[in-house]
Amino acid sequence: MRFNIQRHYPAMQPLIDLGRAVHDAGRLEPALIQLVLMRVSQINGCAFCLDMHSKDARAAGETEQRLYLLPAWRETKLYSEREQVALQWAEELTELAGAEPVSDALYEKATKVFSELELVDLTLLTVTINSWNRINVAARTIGGNYKPPARAAH
């Protein structure tokens with residue numbers, strides 16, 4: 001590890017607040033959020049974030065099969081249309097060097113399954129996880145030891 005992210009959390013508070021605001025707004029389904037966090041972290045090769053979000057997703061009830069097939073989401077029927085559009089949006093926003101990232105065609109498809117505010121939330125979610133991936137990759141944060149928070153009994 002190059003530097004300890006937790007020691008510098010005060011400097012990262014705006015990013016923490018942004019992520020929390022998107023989650024707390026409740027406009028995006030928890031399962032969709034976890035899929036986006038996982039997929040972007042896969043693209044960016046962030047072991048810490050993959051460890052964290054795979055465990056959080058499983059703790060929230062996500063299936064192993066959907067997590068395992070996530071890199072090949074286009075080739076399965078396991079994801080809803082809304083999830084597929086969210087994954088495509090997140091991928092194109094993450095890989096901006098593509099031919100036409102976040103194309104007009106994708107935007108049109110997205111507006112059929114997301115409200116404008118939901119699409120803003122999806123964009124902020126993608127921006128936030130890309131930021132965390134880059135911070136963790138730069139710090140060389142080690143993945144594998146994350147423990148999800150205990151869930152409250154209902």
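Q: Is R82 buried or partly exposed?
A: R82 counts as buried, because its relative accessibility is 15%, under the 20% cut-off. Keep in mind that this is a predicted model.

Q: Which side chain meets R82 in a salt bridge?
A: That of E29, with N to O at 2.8 Å.

Q: Where do E29 and R82 lie?
A: E29 is in the loop between α1 and α2, and R82 is in helix α5. They are 53 residues apart in sequence, so the pair ties those parts together.

Q: And E29, how accessible is that one?
A: E29 counts as partly exposed, at 34% relative accessibility.

Q: How many salt bridges in the whole structure?
A: Ten, from a search of the whole structure.

Q: What does E83 meet in a salt bridge?
A: The side chain of R66, at 2.8 Å, N to O. R66 belongs to helix α4 and E83 to helix α5, so this pair ties together parts 17 residues apart in sequence.

Q: R66 and E83, buried or exposed?
A: Both are buried.

Q: What about R20, which residue does R20 bridge to?
A: D17. The closest N and O atoms are 3.8 Å apart. Both residues lie in helix α1 (residues 9-25), three residues apart, about one turn of the helix.

Q: Why would residues three places apart point the same way?
A: An α-helix has 3.6 residues a turn, so residues three or four places apart point the same way.

Q: What span does α5 reach?
A: 20 Å from first C-alpha to last, over 14 residues. That is close to the 20 Å expected at 1.5 Å a residue.

Q: At what angle do α5 and α6 pack?
A: About 140 degrees, with their axes 10 Å apart. Here α5 covers residues 81-94 and α6 covers 104-113. The crossing is left-handed.

Q: Which residues make the contact?
A: From α5: E81, R82, V85, Q88, W89 and E92. From α6: L106, Y107, K109, A110 and V113.

Q: How do the residues of that contact divide?
A: Six are nonpolar, one is polar and four are charged.

Q: Switching to α2. How many residues does α2 have?
A: It has 15. The span from first C-alpha to last is 21 Å, close to the 21 Å expected.

Q: Which residues of α2 are buried?
A: L32, I33, Q34, L35, V36, L37, M38, R39, V40 and S41.

Q: What do the buried residues of α2 pack against?
A: α1, α3 (47-59), α4, α5 and α7.

Notes. Residues numbered from 1 in each chain as written. Predicted model: local features only at pLDDT ≥ 70, side-chain atom pairs only at ≥ 80, totals over all residues. Heavy atoms only, no water. Axes fitted to C-alpha atoms, helices over the stretch in contact; angles between N-to-C directions. Helix = DSSP H or I, 4+ residues; strand = E, 2+ residues; numbered from the N terminus. Left-handed = near helix turned anticlockwise from the far one by under 90°. Contact = heavy atoms within 4.5 Å. Nonpolar A, V, L, I, M, F, W, Y, C, P; charged D, E, K, R; others polar. Expected span 1.5 Å × (residues − 1). Salt bridge = Lys/Arg side-chain N within 4 Å of Asp/Glu carboxyl O. Buried < 20%, exposed > 50% of the residue type's maximum accessible area, 1.4 Å probe, protein only.
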